[in-house]
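Subject: Structure for your files, with notes

Hello,

Here is the structure I said I would pass on. My notes follow below it, grouped by topic.

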Amino acid sequence: LSVIISNGKPQIVFQITTKGTQQGWVTGYLIQFRNLPTSPFICWNGCNLVNANTDGTTPSTLSLAQPIIATEIRIYPVSWTGNYALQIDIGILPVS
């Protein structure tokens, strides 16, 4: 399973915050993105695993040192505890 966030136009993604529930949470995920709706997804950070949540109630925020310009972001969970649960908040800015 993966989550795709799409806006249809390029935006600057500078932060990703995840959170679970008391029944479960994602502990690691991959980030993929694309610049055009028809282009293939590109792995962020060499497809290295992003460490996420350690419990179901504490948000985990990843601030991107180099923001991504993308029309779509894919969050691909690869590990979790308990039930699969994922809440996502994406920090974006318009491309000027």
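Which residues does Pro77 touch, not counting those up to four places away in sequence? They are Leu1, Ser2, Val26, Gly28, Tyr29, Tyr84 and Leu86. Please keep in mind throughout that this is a predicted model.

Pro77 is part of strand E5. With a relative accessible area of 4%, under the 20% cut-off, Pro77 is buried. One of the residues it touches, Leu1, is 76 residues away along the chain, yet the C-alpha atoms of Leu1 and Pro77 are separated by 7.2 Å.

Strand E5 covers residues 60–82, strand E1 covers 3–19 and strand E2 covers 24–34. E1 and E5 run antiparallel and are joined by eleven bridges. Within that pairing, Gln15 has Ser63 of E5 as its bridge partner. E1 is also joined to strand E6, residues 87–94, by eight bridges, and these two strands run antiparallel as well. Here Thr18 has Ile88 as its bridge partner in E6.

E2 has several partners. With E5 it pairs in the antiparallel sense over ten bridges, and Ile31 stands opposite Ile75 of E5. With strand E4, residues 50–51, E2 pairs in the antiparallel sense over two bridges; Tyr29 is opposite Val50 there. With strand E3, residues 42–43, E2 again pairs in the antiparallel sense over two bridges, and Gln32 has Cys43 as its bridge partner. E2 is also mostly covered, with ten of its eleven residues buried.

The nonpolar core

In soluble globular proteins, nonpolar side chains tend to be buried together. In this model the largest nonpolar core has 16 residues. Tyr29, Ile31, Trp44, Ile68 and Ile73 are the ones with the most contacts inside it. Strands E1, E2 and E5 each give two or more residues to this core. Which strand gives the largest share? That is E5, with six residues.

Leaving aside neighbours within four places in sequence, Ile31 is in contact with Ile16, Ile42, Cys43, Trp44, Val50, Leu62, Ile68, Ile73, Arg74 and Ile75. That list includes Trp44, Ile68 and Ile73, which are named above among the residues with the most contacts inside the core. It also includes Ile75, the residue that stands opposite Ile31 in E5.

A disulfide is a covalent bond between the sulfur atoms of two cysteines. The structure holds one. It is formed by Cys43 and Cys47, and their sulfur atoms are 1.6 Å apart.

Cys47 is found in the loop between E3 and E4, and its phi is positive, at about 60°, although it is not a glycine. Asn45 is found in the loop between E3 and E4 too. The phi of Asn45 is near 60°, again a positive value in a residue other than glycine. Asn45 has 43% relative accessibility, so it counts as partly exposed.

Ring interactions

There is one aromatic pair in the structure. The ring centres of Trp80 and Tyr84 are 5.0 Å apart and the ring planes are at 90°, so the pair is edge-to-face. Trp80 counts as partly exposed at 43% relative accessibility, and Tyr84 counts as partly exposed at 31%. Tyr84 is also one of the residues that Pro77 touches.

Arg74 and Phe41 are worth a separate look. The charged end of Arg74 sits over the ring of Phe41, at 3.9 Å from the ring centre. Arg74 is in contact with Ile31 as well.

Regards

How values were computed: Residues numbered from 1 in each chain as written. Predicted model: local features only at pLDDT ≥ 70, side-chain atom pairs only at ≥ 80, totals over all residues. Heavy atoms only, no water. Phe/Tyr/Trp six-rings, centres within 6.5 Å; stacked < 30°, edge-to-face > 60°. Buried < 20%, exposed > 50% of the residue type's maximum accessible area, 1.4 Å probe, protein only. Lys NZ or Arg CZ within 6 Å of the ring centre and 35° of its normal. Core = buried A, V, L, I, M, F, W, Y, C linked by side-chain atoms within 4.5 Å. Helix = DSSP H or I, 4+ residues; strand = E, 2+ residues; numbered from the N terminus. Contact = heavy atoms within 4.5 Å. Disulfide = S-S within 2.5 Å. Pairing = 2+ DSSP bridges.
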